[in-house]
Amino acid sequence: MGRDGGEGGGERVAIVGAGLAGCLLAVLLGRRGVPVTVYERRPDPRVAGAERGRSINLAISARGLAALEQVGLRDQSLKRALPMHGRMVHPLAGGQNFQPYSADGERAINSIGRAELNRSLLDTAEATPGVTLRFSQRVTGVDAAAGTILFDGADPEPADVVLAGDGAYSAVRGSLELDGDDADFLEHGYKELTVPPKDGGFALDPDALHIWPRGTSMMIALPNLDRSFTCTLFWPKDDFAALDTPEKVTAYFERHYPDVAALMPDLADDYARNPVGSLVTVRCWPWTRYGDGAVVALLGDAAHAIVPFFGQGANCAFEDCIEIDRCLTETGGDWGRALSLYQERRKANTDAIAEMALDNFIEMRDRVSSPVYRAKQAATHALERRLAGRYMSRYELVSFSTMPYAEIPARIRRQNRVLAASVLGGLAAAALAARALRRR
């Protein structure tokens, strides 16, 4: 079969899913001289358009930009993105407040439409020698023993290596029947709405990710290049069903989101037409199956879907692709060894960001409007400025560094211990000085 026969050694390599991760990986493999076929269940989205109401704008940050740099798309992507330097919090009582993401106020995450970035990656993949894109091909699973990919309404096709980037509800993952395959659904779902441009400009501040925290639920809004905002509701699913008439929708928003309701002229129509999506965390193991006919590996959401509340889903999936590419280099193109290394290195990191994303949901929907939280953030930023490079918040480490996710919790604990020891040492020194003065 040639799975360990070196790069371009005759392996039939397939990628399932032409989303962000699948396209990036196809480009990386094509540039290695590895021919690859990409199968996508949808029609070509560059022709058919994106699915309505299912974008959740991307917040591309340091990790994603580092990956895009490797395929020459960093600068192009940034030209089509809008920087967001902080959160704009909209309390129910009014009086919005801006909370910068970094201590110096200079660092930003970047709002870019998922469809926009997917188109760029598809174009780059299509232009890469050795990459073949096949649309409207619904993969239903993989037979690793026979070395075949299974399709809906078509004959199986042979493959020696199958890389599955077919999303949180991966058909490939389902066909592998993994021992450890767990999907945890939040009681919350999501629905997208739109704030259109106002008088030709942005209706809200475009330099911020807007949050309307409401305790058990929230709405966010990210800016688009056309001066609109994509809003996403994150509500308990039962709450969506309760608003079953245009009048109820309008009245609810006027009561709970009074500062933005008037900026959404198509609110009732968007609410009725756009679907409710689910929020799921996928934890499975192993990510790789070795059969007599093929080796199969999962990546991106197919292996480790996370909730979107740290803006790291795409960033994390891109890191998977870079790691697979790195492991192929280290193993001289031996797919079996490379994919084993890949899953061992990435699993702890994806588990770590999954937990941090869940925690950030609580922070965004509840804590950010608290005066105590704001005071704590101000103190954290002050420490970061005073101890530049030595003290960094969790948010900065996740969004503005490429430190492995799994190392971040320990880094936070370590620097907090050092800080606490310094404070205690300072207090002890002050006490000794005061005692000495009293003895004089």
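The dialogue that follows moves from the whole chain to single residues.

Q: What kind of model is this, and how are its residues numbered?
A: This is a predicted model, in which local features need pLDDT of at least 70 and side-chain atom pairs count only at pLDDT 80 or more, while totals for chains, interfaces and linings use all residues. Residues are numbered from 1 along each chain as its sequence is written, and side-chain values use heavy atoms, with hydrogens and water left out.

Q: How many helices and strands does the protein chain have?
A: Helices (H or I, at least four residues) and strands (E, at least two) are DSSP runs, numbered from the N terminus. The protein chain has 16 helices and 19 strands.

Q: How does the radius of gyration of the protein chain relate to that of a compact globule?
A: The radius is taken over C-alpha atoms, and the globule rule is 2.2 Å times the number of residues to the power 0.38. For 440 residues a compact globule would have a radius near 22 Å, and the 24 Å of the protein chain agrees with this. Along the principal axes, the C-alpha atoms fill a box of roughly 85 × 65 × 40 Å.

Q: What percentage of the residues count as buried?
A: Buried means under 20% relative accessible area, exposed over 50%, and partly exposed in between, with a 1.4 Å probe and protein chains only. Of the 440 residues of the protein chain, 51% are buried.

Q: Which residues have the most contacts inside the largest nonpolar core?
A: A nonpolar core is a set of buried Ala, Val, Leu, Ile, Met, Phe, Trp, Tyr and Cys residues joined through side-chain atoms within 4.5 Å. The largest one has 68 residues, and Leu29, Leu163, Leu298 and Trp335 have the most contacts inside it. Helix 1 (residues 20-31) supplies the largest share of this core, 9 residues. A second, separate core of 33 residues includes Leu222, Met364, Phe400 and Met403.

Q: Where is Ile15 found, and which residues does Ile15 touch?
A: Contact means heavy atoms within 4.5 Å. Ile15 lies in strand 1 (residues 13-16) and counts as buried because its relative accessibility is 1%. Leaving out residues up to four places away in sequence, Ile15 touches several residues, among them Leu25, Leu29, Val38 and Leu163.

Q: Is Ser399 buried or exposed?
A: Ser399, found in helix 15 (residues 394-399), has 1% relative accessibility and therefore counts as buried. Apart from neighbours within four places in sequence, Ser399 is in contact with Ser61, Ala62, Ile109, Phe310 and Gln312.
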